[in-house]
Amino acid sequence: MDIEQKQAELIEHFVKQAEILRGGSLSNVIVEATSHPSLFAFSEILLVPNVAELQGTEYSIFLDVLRLFAHGTWSDYKSNGGCFPSLVPDQVRKLKQLSVLTLAETNKVLPYDQLMQELDVSNVRELEDFLINECMYAGIVRGKLDQLRRCFEVQFAAGRDLRPGQLGSMIQTLTTWLTTSDNLLLSIQEKIKWADTMGEADKKHRKEIEDKVDEVKKTLKKYTVSRQTWSYEGTRRSSTLNLEE
(Lines give C-alpha, C1' and ligand atoms only; values in the text may rest on other atoms or scores of the structure.)
Protein backbone atom coordinates (compact mmCIF):
# COMPACT_ATOMS: atom_id res chain seq x y z
CA MET A 1 0.00 0.00 0.00
CA ASP A 2 1.47 3.36 -1.02
CA ILE A 3 1.67 6.31 1.34
CA GLU A 4 -1.16 8.28 -0.36
CA GLN A 5 -3.63 5.41 -0.05
CA LYS A 6 -2.70 4.79 3.57
CA GLN A 7 -3.08 8.51 4.31
CA ALA A 8 -6.55 8.52 2.75
CA GLU A 9 -7.67 5.51 4.80
CA LEU A 10 -6.35 6.98 8.06
CA ILE A 11 -7.96 10.35 7.37
CA GLU A 12 -11.29 8.66 6.67
CA HIS A 13 -10.97 6.67 9.92
CA PHE A 14 -10.29 9.68 12.12
CA VAL A 15 -12.88 11.85 10.40
CA LYS A 16 -15.54 9.22 11.12
CA GLN A 17 -14.42 9.06 14.75
CA ALA A 18 -14.59 12.84 15.07
CA GLU A 19 -18.06 12.97 13.53
CA ILE A 20 -19.60 10.72 16.19
CA LEU A 21 -17.84 12.17 19.26
CA ARG A 22 -18.10 15.50 21.04
CA GLY A 23 -16.38 17.54 23.70
CA GLY A 24 -13.77 15.83 25.83
CA SER A 25 -14.09 12.58 23.90
CA LEU A 26 -12.56 14.31 20.89
CA SER A 27 -9.35 15.01 22.79
CA ASN A 28 -8.43 11.31 22.67
CA VAL A 29 -9.09 11.20 18.93
CA ILE A 30 -6.89 14.25 18.39
CA VAL A 31 -4.04 12.84 20.47
CA GLU A 32 -4.30 9.50 18.65
CA ALA A 33 -4.36 11.17 15.23
CA THR A 34 -1.38 13.43 15.95
CA SER A 35 0.55 10.47 17.38
CA HIS A 36 -0.11 8.03 14.53
CA PRO A 37 3.20 7.21 12.77
CA SER A 38 1.66 7.16 9.28
CA LEU A 39 -0.63 10.20 9.34
CA PHE A 40 0.73 13.56 8.15
CA ALA A 41 -2.41 15.47 7.05
CA PHE A 42 -5.01 16.91 9.42
CA SER A 43 -7.05 19.55 7.57
CA GLU A 44 -9.96 17.16 6.92
CA ILE A 45 -10.22 16.47 10.66
CA LEU A 46 -10.14 20.21 11.37
CA LEU A 47 -13.12 20.68 9.05
CA VAL A 48 -15.35 18.31 11.02
CA PRO A 49 -18.03 20.50 12.72
CA ASN A 50 -17.70 18.68 16.05
CA VAL A 51 -13.99 19.52 16.12
CA ALA A 52 -14.58 23.18 15.23
CA GLU A 53 -17.07 23.38 18.11
CA LEU A 54 -14.20 22.87 20.58
CA GLN A 55 -13.28 26.52 20.04
CA GLY A 56 -13.99 28.51 23.20
CA THR A 57 -14.56 25.44 25.36
CA GLU A 58 -12.37 23.91 28.03
CA TYR A 59 -11.10 21.51 25.37
CA SER A 60 -10.06 24.19 22.88
CA ILE A 61 -6.43 23.49 23.70
CA PHE A 62 -6.75 20.22 21.77
CA LEU A 63 -8.09 22.13 18.79
CA ASP A 64 -4.94 24.26 19.02
CA VAL A 65 -2.84 21.07 19.05
CA LEU A 66 -4.57 19.84 15.90
CA ARG A 67 -3.94 23.19 14.19
CA LEU A 68 -0.30 23.02 15.28
CA PHE A 69 0.11 19.64 13.60
CA ALA A 70 -1.73 20.79 10.49
CA HIS A 71 0.26 23.99 9.95
CA GLY A 72 2.93 24.46 12.62
CA THR A 73 6.44 23.30 13.41
CA TRP A 74 8.51 22.19 16.37
CA SER A 75 9.83 25.75 16.67
CA ASP A 76 6.24 27.03 16.93
CA TYR A 77 5.59 24.61 19.75
CA LYS A 78 8.75 25.61 21.64
CA SER A 79 8.08 29.32 21.31
CA ASN A 80 4.47 28.91 22.49
CA GLY A 81 4.90 26.08 24.96
CA GLY A 82 2.49 27.59 27.46
CA CYS A 83 -0.35 27.45 24.93
CA PHE A 84 -0.20 23.69 24.43
CA PRO A 85 -0.33 20.61 26.62
CA SER A 86 2.80 18.48 26.95
CA LEU A 87 3.33 16.28 23.91
CA VAL A 88 3.91 12.55 24.13
CA PRO A 89 7.08 11.19 22.46
CA ASP A 90 5.19 10.05 19.36
CA GLN A 91 3.78 13.56 18.91
CA VAL A 92 7.23 15.09 19.35
CA ARG A 93 8.64 12.85 16.64
CA LYS A 94 5.68 13.60 14.35
CA LEU A 95 5.97 17.37 14.78
CA LYS A 96 9.69 17.23 14.00
CA GLN A 97 8.96 15.18 10.86
CA LEU A 98 6.42 17.80 9.79
CA SER A 99 9.00 20.52 10.47
CA VAL A 100 11.36 18.89 7.96
CA LEU A 101 8.55 18.93 5.38
CA THR A 102 7.94 22.62 6.01
CA LEU A 103 11.63 23.45 5.52
CA ALA A 104 11.69 21.40 2.32
CA GLU A 105 8.81 23.45 0.86
CA THR A 106 11.04 26.45 0.22
CA ASN A 107 14.57 25.04 0.05
CA LYS A 108 15.85 21.84 -1.52
CA VAL A 109 19.24 22.11 0.17
CA LEU A 110 18.88 22.11 3.96
CA PRO A 111 22.05 22.92 5.94
CA TYR A 112 22.72 20.65 8.90
CA ASP A 113 23.10 23.64 11.22
CA GLN A 114 19.62 24.89 10.34
CA LEU A 115 18.10 21.43 10.77
CA MET A 116 19.79 20.86 14.13
CA GLN A 117 18.51 24.20 15.38
CA GLU A 118 14.97 23.65 14.12
CA LEU A 119 14.74 20.09 15.41
CA ASP A 120 16.57 20.57 18.71
CA VAL A 121 19.24 18.06 17.75
CA SER A 122 22.66 18.36 19.35
CA ASN A 123 24.94 16.55 16.88
CA VAL A 124 25.22 15.45 13.25
CA ARG A 125 24.95 11.74 14.01
CA GLU A 126 21.62 12.22 15.76
CA LEU A 127 20.38 14.44 12.94
CA GLU A 128 21.33 11.96 10.21
CA ASP A 129 19.74 9.09 12.15
CA PHE A 130 16.51 11.08 12.39
CA LEU A 131 16.50 11.97 8.70
CA ILE A 132 17.16 8.36 7.68
CA ASN A 133 15.03 6.44 10.17
CA GLU A 134 12.15 8.82 10.78
CA CYS A 135 11.87 10.67 7.48
CA MET A 136 13.28 8.71 4.55
CA TYR A 137 12.24 5.28 5.81
CA ALA A 138 8.79 6.72 6.55
CA GLY A 139 8.52 7.71 2.87
CA ILE A 140 7.84 11.40 3.50
CA VAL A 141 11.15 12.60 2.04
CA ARG A 142 13.86 11.35 -0.28
CA GLY A 143 17.26 12.88 -0.59
CA LYS A 144 20.99 12.70 -0.13
CA LEU A 145 22.99 13.29 3.03
CA ASP A 146 26.09 15.28 2.14
CA GLN A 147 28.48 15.03 5.06
CA LEU A 148 31.20 16.97 3.26
CA ARG A 149 28.96 20.00 2.65
CA ARG A 150 26.99 19.36 5.86
CA CYS A 151 23.59 19.50 4.22
CA PHE A 152 20.59 17.40 3.22
CA GLU A 153 19.75 17.59 -0.50
CA VAL A 154 15.99 17.09 -0.86
CA GLN A 155 14.82 15.19 -3.95
CA PHE A 156 11.21 14.72 -2.83
CA ALA A 157 9.09 15.85 0.09
CA ALA A 158 5.45 15.10 0.84
CA GLY A 159 3.16 18.10 0.95
CA ARG A 160 1.60 19.42 4.15
CA ASP A 161 -1.86 20.83 4.76
CA LEU A 162 -2.36 24.25 3.22
CA ARG A 163 -2.01 27.04 5.74
CA PRO A 164 -4.66 29.78 5.93
CA GLY A 165 -4.00 32.22 3.09
CA GLN A 166 -1.60 29.85 1.35
CA LEU A 167 -4.11 28.82 -1.31
CA GLY A 168 -4.08 32.25 -2.95
CA SER A 169 -0.29 32.26 -3.03
CA MET A 170 -0.25 28.76 -4.51
CA ILE A 171 -2.76 29.75 -7.21
CA GLN A 172 -0.58 32.75 -8.09
CA THR A 173 2.50 30.53 -8.26
CA LEU A 174 0.72 28.04 -10.49
CA THR A 175 -0.60 30.84 -12.70
CA THR A 176 2.90 32.22 -13.11
CA TRP A 177 4.22 28.74 -13.87
CA LEU A 178 1.47 28.22 -16.46
CA THR A 179 2.29 31.53 -18.16
CA THR A 180 5.98 30.67 -18.22
CA SER A 181 5.19 27.23 -19.63
CA ASP A 182 2.99 28.75 -22.36
CA ASN A 183 5.77 31.16 -23.32
CA LEU A 184 8.31 28.35 -23.35
CA LEU A 185 6.02 26.21 -25.51
CA LEU A 186 5.55 29.09 -27.95
CA SER A 187 9.30 29.59 -28.14
CA ILE A 188 9.83 25.89 -28.79
CA GLN A 189 7.17 25.90 -31.52
CA GLU A 190 8.82 28.92 -33.17
CA LYS A 191 12.19 27.18 -33.09
CA ILE A 192 10.67 24.04 -34.60
CA LYS A 193 9.06 26.14 -37.33
CA TRP A 194 12.38 27.91 -37.98
CA ALA A 195 14.17 24.55 -38.10
CA ASP A 196 11.58 23.22 -40.56
CA THR A 197 11.98 26.33 -42.72
CA MET A 198 15.74 26.01 -42.66
CA GLY A 199 15.40 22.34 -43.45
CA GLU A 200 13.27 23.09 -46.49
CA ALA A 201 15.71 25.79 -47.60
CA ASP A 202 18.58 23.37 -47.16
CA LYS A 203 16.77 20.73 -49.21
CA LYS A 204 16.05 23.28 -51.96
CA HIS A 205 19.66 24.45 -51.97
CA ARG A 206 20.90 20.87 -52.08
CA LYS A 207 18.52 20.10 -54.97
CA GLU A 208 19.80 23.14 -56.89
CA ILE A 209 23.40 21.99 -56.39
CA GLU A 210 22.54 18.45 -57.47
CA ASP A 211 20.78 19.80 -60.58
CA LYS A 212 23.83 21.91 -61.45
CA VAL A 213 26.09 18.92 -60.96
CA ASP A 214 23.85 16.89 -63.28
CA GLU A 215 23.99 19.67 -65.87
CA VAL A 216 27.78 19.78 -65.64
CA LYS A 217 27.92 16.00 -65.98
CA LYS A 218 25.67 16.13 -69.05
CA THR A 219 27.75 18.91 -70.59
CA LEU A 220 30.97 17.01 -69.96
CA LYS A 221 29.42 13.89 -71.41
CA LYS A 222 28.34 15.77 -74.57
CA TYR A 223 31.76 17.36 -74.83
CA THR A 224 33.47 14.00 -74.46
CA VAL A 225 31.23 12.39 -77.10
CA SER A 226 31.72 15.33 -79.48
CA ARG A 227 35.46 15.20 -78.99
CA GLN A 228 35.54 11.49 -79.60
CA THR A 229 33.43 11.94 -82.78
CA TRP A 230 35.66 14.77 -83.97
CA SER A 231 38.75 12.66 -83.30
CA TYR A 232 37.24 9.74 -85.20
CA GLU A 233 36.27 11.91 -88.21
CA GLY A 234 39.70 13.46 -88.27
CA THR A 235 41.32 10.07 -88.29
CA ARG A 236 39.11 8.93 -91.20
CA ARG A 237 39.93 11.98 -93.28
CA SER A 238 43.62 11.53 -92.63
CA SER A 239 43.46 7.90 -93.72
CA THR A 240 41.53 8.82 -96.91
CA LEU A 241 44.10 11.39 -97.91
CA ASN A 242 46.94 8.95 -97.41
CA LEU A 243 45.22 6.37 -99.64
CA GLU A 244 44.61 8.92 -102.39
CA GLU A 245 48.23 9.89 -102.44
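Which residues of α5 are buried? In this predicted model, local features need pLDDT of at least 70 and side-chain atom pairs count only at pLDDT 80 or more, whereas totals for chains, interfaces and linings use all residues. Residues are numbered from 1 along each chain as its sequence is written, and side-chain values use heavy atoms, with hydrogens and water left out.

The buried residues of α5 are Ser-60, Leu-63, Val-65, Leu-66, Leu-68, Phe-69 and Ala-70, where buried means under 20% relative accessible area, exposed means over 50%, and partly exposed lies in between (1.4 Å probe, protein chains only). Helices such as this one are DSSP runs of H or I with at least four residues, numbered from the N terminus, while strands are runs of E with at least two. The 12 residues of helix α5 (residues 60-71) should span 16 Å at 1.5 Å a residue, and this agrees with the 17 Å between its end C-alpha atoms; the expected span is 1.5 Å times one less than the number of residues. The buried residues of α5 pack against α2 (25-35), α3 (43-46), α4 (49-52), α6 (74-79) and α7 (89-106).

Charged side chains were examined next. Side chains of opposite charge can pair when their charged atoms come close. With a salt bridge taken as a side-chain nitrogen of Lys or Arg within 4 Å of a carboxyl oxygen of Asp or Glu, the count comes to 11 salt bridges. One of these joins Arg-67 and Asp-64, with 3.7 Å from N to O, and both residues lie in helix α5, three residues apart, which is about one turn of the helix. Arg-67 is partly exposed because its relative accessible area is 37%, and Asp-64, at 28%, also counts as partly exposed.

In helix α7, Asp-90 forms a salt bridge with Arg-93, the closest N and O atoms being 3.1 Å apart; because the two are three residues apart in this helix, about one helical turn separates them. Asp-90 has a relative accessible area of 34% and is therefore partly exposed, as is Arg-93 at 27%. Asp-90 and Arg-93 are also linked with Glu-134 in a network of salt bridges. In helix α9 (residues 124-136), Asp-129 and Arg-125 are four residues apart and so separated by about one helical turn, and their closest N and O atoms are 3.5 Å apart in a salt bridge. Here Asp-129 is partly exposed at 32%, whereas Arg-125, at 60%, counts as exposed.

Helix α7 also holds Gln-97, which counts as buried because its relative accessibility is 3%. When its neighbours within four places in sequence are left aside, Gln-97 is in contact (heavy atoms within 4.5 Å) with Phe-40, Phe-130, Glu-134, Cys-135, Ala-138 and Ile-140. Cys-135, one of these contacts of Gln-97, is buried at 0% relative accessibility, while Cys-83 is partly exposed at 46%. The structure holds zero disulfides, a disulfide being a pair of cysteine sulfur atoms within 2.5 Å.
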